[in-house]
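We will go from stop to stop, picking a few residues each time.

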Amino acid sequence: MRLFIAVQFDKEIVDELTTFQDELRKIGAIGNYTKEENLHLTLAFIGEYNDPDAVLEAMERVDFRPFNLKLDGYGMFGDLLWVGTTSEPVLAAIAKKFRHTLAKAGIIFDNKKFKSHVTLIRKVAFKSDQRIPAECIGRSEMTVKRISLMKSERGKNGMNYTELGYISAE
């Protein structure tokens, strides 16, 4: 099974992200839009790994305090459009803790440099030269109090993400 460690968003953040997606559709952005229920921020991508209990045990060794997360700006990785956060330094430190703990437990993960982002559209293309409505981003803030272990499965209507467990902030 494909696993990853992520921050899941509250309704206010999800609403802000889906509003931004709606505005992108209005200006003609086409591509594979992330489904509302799949919006998240990945801290560590593990990939194929069939022992989620071992991952949860490793996650339980990571201490973190509640922190604020606010959306901020957008960017592109090739043809992937993403939204960033103002919490980059905090998230980078937490991601580093999780990755270190996974490595100590012998759990292999994707060790690309961490970049705090939320994927909105894969294979994005723009039909026109219109301005991206960035004013839709940066209104909402949430306090992150839990980090989730997620499973990713391909279904008949695209990817489906399921929470397998979580840890809470100290």
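Which residue in strand 6 stands opposite V83? Select V83, then V118: V118 in strand 6 is the residue that stands opposite V83.

Before moving on, a note on what is on screen. This is a predicted model, in which local features need pLDDT of at least 70 and side-chain atom pairs count only at pLDDT 80 or more, while totals for chains, interfaces and linings use all residues. Residues are numbered from 1 along each chain as its sequence is written, and side-chain values use heavy atoms, with hydrogens and water left out. Helices (H or I, at least four residues) and strands (E, at least two) are DSSP runs, numbered from the N terminus.

**Stop 1**

Two strands count as paired if DSSP finds at least two bridges between them. Select W82 as well, and you will find T119 of strand 6 opposite.

Strand 2 and strand 6 run antiparallel, joined by 4 bridges, and Y33 stands opposite I121 in strand 6. Keep Y33 selected and show R25: the charged end of R25 sits over the ring of Y33, 3.9 Å from its centre. Here, a charge sits over a ring if NZ of Lys or CZ of Arg is within 6 Å of the ring centre and within 35 degrees of the ring normal.

**Stop 2**

Zoom in on strand 8 (residues 146-155) and strand 9, an antiparallel pair joined by 10 bridges. G155 stands opposite G158 in strand 9. Then show R146 and Y166: R146 lies over the face of Y166, at 3.6 Å from the ring centre.

**Stop 1: aromatic pairs**

Show the rings of Phe, Tyr and Trp (its six-membered ring), which pair if their centres lie within 6.5 Å; planes under 30 degrees apart count as stacked, over 60 as edge-to-face and the rest as tilted. By this rule there are 3 aromatic pairs.

One of them is F4 with Y161: the ring centres are 5.2 Å apart and the planes stand at 75 degrees, so the pair is edge-to-face. F4 is in strand 1 (residues 2-8) and Y161 in strand 9 (residues 158-168), so the pair ties together parts 157 residues apart in sequence. F4 has a relative accessible area of 2% and is buried; buried means under 20% relative accessible area, exposed over 50% and partly exposed in between (1.4 Å probe, protein chains only).

Now select F20 and Y74. Their ring centres lie 6.2 Å apart with planes at 45 degrees, so this pair is tilted. F20 belongs to helix 1 (residues 11-26) and Y74 to strand 4 (residues 67-77), 54 residues apart. F20 is buried at 0% relative accessibility, whereas Y74 is partly exposed at 36%.

**Stop 2: helix 3**

Finish with residues 88-104, which make up helix 3: 17 residues reaching 24 Å from first C-alpha to last, close to the 24 Å expected at 1.5 Å a residue. The expected span is 1.5 Å times one less than the number of residues.

Which side faces inward? Colour L91, I94, A95, F98, R99, T101 and L102, the buried residues of helix 3. They cover an arc of only 160 degrees around the axis, which puts them on the same side of helix 3; the arc is that of the directions from the helix axis to the C-beta atoms. On the other side, P89, K96, H100 and K104 are exposed. Just past the end of helix 3, select G106 and check its positive phi of about 75 degrees.
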